[in-house]
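Work through the exercises below with the structure in view. Each task is followed by a solution in steps.

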There are 2 protein chains.
Amino acid sequence: VRTASDDERVARAVLARAAEPGDVRMTMLVHDVGARDVLAILTEQRDPQGLLTDLAGRIGSIDGAQELERAAKVGLRFVVPGDPEWPPRLDDLVTAPPLHERGGPPLGLWVKGPRRLDELAGSVAVVGARASTTYGESAAGEIAAVVSRRGVPVVSGGAFGIDVAAHRGALAADGPTAAVVACGADRVYPQAHAALLAHLGSEHAVVSEAAPGCAPQRVRFLARNRLIAAFSDVTVVVEAAVRSGALNTANWAHRLNRSVVGVPGPVTSASSAGVHQEIRAGAMGLVRGGADVLELLGAAGEHLVEHERAPERVRDRLTTRQQQVLDALPIGRGAPPDSVARVAGMGLLEVTGALLRLHEAGLVDHGDDGWRLSAVGAA
Amino acid sequence: VRTASDDERVARAVLARAAEPGDVRMTMLVHDVGARDVLAILTEQRDPQGLLTDLAGRIGSIDGAQELERAAKVGLRFVVPGDPEWPPRLDDLVTAPPLHERGGPPLGLWVKGPRRLDELAGSVAVVGARASTTYGESAAGEIAAVVSRRGVPVVSGGAFGIDVAAHRGALAADGPTAAVVACGADRVYPQAHAALLAHLGSEHAVVSEAAPGCAPQRVRFLARNRLIAAFSDVTVVVEAAVRSGALNTANWAHRLNRSVVGVPGPVTSASSAGVHQEIRAGAMGLVRGGADVLELLGAAGEHLVEHERAPERVRDRLTTRQQQVLDALPIGRGAPPDSVARVAGMGLLEVTGALLRLHEAGLVDHGDDGWRLSAVGAA
């Protein structure tokens with residue numbers, strides 16, 4: 001069944017037009033028996049009660065070849081399983097449990113733009129609140145810039161808020177990015193992102209499971225979210241309210257055994273409440289920015305990460321006994337060596353030796369009131 | 001050995017003056033054989049090299065009874081194991097692994113103030129950066145107010161920043177609070193907190209393992225931190241740089257099998273970096289405020305917590321099938337019932353019925369272009 005024969009492609013185009021994106025009954029049936037057989041079965045059957053679905057009734061009026069032609073005219077290609085650019089990781093959706101009756105691998109994906117779908121696999125999904133804050137947008141932009149600069153594509157949904165901040169972060173870093181949208185890949189939604197979507201469609205990719213022309217219904221966002229998670233190695237949630245589509249994407253990433261992480265924010269910010277809730281519940285790791293996300297990717301052995309370390313202090317180069325003497329000095333005043341020795345729990349000779357060494361290192365000074373911490377030693 | 005006989009108390013006062021607070025060799029030896037025997041052994045022994053310690057040499061010059069008398073004159077009592085107010089949970093320090101050569105149960109605690117030590121057990125420790133931000137101080141104050149209002153004592157260290165915000169939060173809520181300090185309980189450090197420490201010492205408690213008059217050395221903060229953790233059920237770190245005394249307290253709480261949690265903040269804030277590091281490493285849970293801390297205490301069955309829940313929305317009262325119809329409506333425009341049925345993947349009759357129900361509930365409206373989401377339904 002996993003061939004991209006013309007018949008199969010046309011049958012998938014028909015079913016993709018007739019069925020709702022991500023309807024798990026349809027996607028799994030097509031996965032199991034192939035689109036041509038499903039189409040044949042549906043063409044035979046009817047539902048005379050009209051109670052269940054009018055899908056079978058609609059199929060007769062859809063011309064698959066025409067669907068593909070019309071799509072090509074607006075610059076869309078229809079990528080199906082078996083095509084060279086089909087990303088094998090989307091097949092992980094076969095075994096992931098459905099959510100809201102959505103699930104299974106897409107029948108096909110409508111793509112606008114030069115980027116191959118398999119290049120988008122192993123990407124980082126950066127998703128989050130539409131009602132984002134400047135803080136969240138800046139965090140999303142930083143993460144997108146850092147990972148895409150390393151060549152890791154940034155996948156998001158093209159929406160207001162965190163989504164657009166992520167796309168822009170990647171574009172600013174000259175990195176790869178793609179929007180997986182809930183409406184037809186030829187549609188512009190939201191209207192305010194017309195220029196962004198046009199740019200992605202001409203230089204990167206706009207991807208949709210929904211047939212061309214389809215409107216953005218809420219149920220389609222739920223189906224779309226599973227694709228964002230499926231494309232990516234890591235899903236990063238940068239701000240999400242307690243009920244939020246971004247948490248639906250995170251849920252999908254879990255079902256697909258992908259890494260799920262979130263960026264914390266002020267506990268006073270409602271925009272971060274969903275992220276805090278999930279980190280608290282152990283459903284999400286915590287990342288502080290792009291470097292942490294790269295480290296997660298690096299765990300898969302593909303990327304080199306320079307660990308950010310706290311700067312070494314002079315005291316780190318001391319022996320434990322010398323540190324003990326340093327720590328035994330009073331704060332803000334001086335002390336004679338025997339007092340230091342007592343506090344340190346060490347003998348006077350050893351303490352005197354250590355104090356001289358610390359003096360050489362610039363960590364202690366000697367004054368009228370004995371030994372005291374220098375500005376460096378007190379730091 | 002666990003009696004509070006006068007001899008034992010006096011011997012402990014001598015050793016507490018002679019040894020460094022929390023010196024694990026001393027605390028464990030006293031725990032194992034009792035203070036009177038340790039004192040007898042040390043009085044016999046000398047260290048003629050003077051290389052190891054001059055402890056034995058000092059002991060002869062300390063008058064234990066006088067120590068207790070002088071302390072009483074400045075309002076301090078010396079509480080030792082076996083005393084009615086000794087909190088049994090401090091004995092958890094016997095089995096906790098030492099850190100920086102500090103460890104073991106204190107020889108005794110010098111206490112100023114009317115609050116009994118055993119009343120402070122099971123408290124919440126609120127600790128954090130001296131160099132705190134307004135955000136962190138406000139979070140610390142909120143947590144302290146919420147838990148102390150329920151009668152749970154708030155323990156902190158009396159220092160600048162998060163410590164003082166925690167004490168003040170508890171005082172503002174008329175709740176119990178205590179400072180466990182690194183210098184003698186009779187000393188004022190930092191000087192700026194003279195009024196606060198005086199108030200705690202007259203209405204609540206100022207507690208120290210260090211003998212009266214002792215100065216606040218760095219090594220004493222390390223010993224003190226283990227006591228803050230030992231008193232508490234939960235240690236909350238509100239802001240901490242990557243290297244921070246608060247993380248030392250958190251480490252002690254771990255060693256004592258106490259809950260350790262942190263309040264996240266902006267990833268751009270250096271004051272939150274230590275907290276984020278620990279949450280990320282899985283060494284610390286995440287709390288969003290006082291309610292979350294109460295919930296942790298509630299897990300021990302002692303406190304009743306009202307769970308904060310997201311407000312129920314009208315859609316939560318719908319059946320799954322009704323929600324499916326609602327979700328199938330387009331965003332920002334209307335649709336005829338057959339289009340809604342197609343998107344919902346349901347039959348026309350059922351959809352029409354559901355739409356009428358949704359209309360009754362105020363979630364959808366009917367206009368010239370068919371059914372559309374109402375303002376409530378779109379929320």
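**Exercise 1.** Describe how helix α7 and helix α8 of chain B pack against each other.

Solution. Start with the axes: those of α7(B) (residues 134-149) and α8(B) (residues 162-172) come within 7 Å and cross at roughly 35°. Axes here are lines fitted to C-alpha atoms, for helices over the stretch in contact, with angles from 0 to 180 degrees between N-to-C directions. Helices (H or I, at least four residues) and strands (E, at least two) are DSSP runs numbered from the N terminus. Next, the hand: α7(B) passes α8(B) in a right-handed crossing, the near helix being turned clockwise from the far one by less than a right angle. Then list the residues in contact (heavy atoms within 4.5 Å). α7(B) contributes B:G136, B:E137, B:A140, B:G141, B:A144, B:A145 and B:S148, while α8(B) contributes B:I162, B:A165, B:A166, B:G169 and B:A170. Finally, sort them by class: seven are nonpolar, four polar and one charged. In this scheme Ala, Val, Leu, Ile, Met, Phe, Trp, Tyr, Cys and Pro are nonpolar, Asp, Glu, Lys and Arg are charged, and the others, Gly among them, are polar.

The model is predicted: local features need pLDDT of at least 70, side-chain atom pairs count only at pLDDT 80 or more, and totals for chains, interfaces and linings use all residues. Residues are numbered from 1 along each chain as its sequence is written, chains are lettered from A and ligands numbered from 1 in the order in which they are written, and side-chain values use heavy atoms, without hydrogens and water.

**Exercise 2.** Characterise the interface of chain A and chain B.

Solution. Count first: 65 residues of chain A are in contact with 64 residues of chain B. The chains bury about 5100 Å², 49% of it on carbon and sulfur atoms; buried area is the accessible area (1.4 Å probe) lost on putting two parts together, summed over both. A:R218, A:R243 and A:R280 supply 16% of the area that chain A buries, more than any other three residues. Now look for charge pairs: the rule finds six salt bridges across the interface, each a side-chain nitrogen of Lys or Arg within 4 Å of a carboxyl oxygen of Asp or Glu. One of them joins A:D292 and B:R280 (3.4 Å, N to O).
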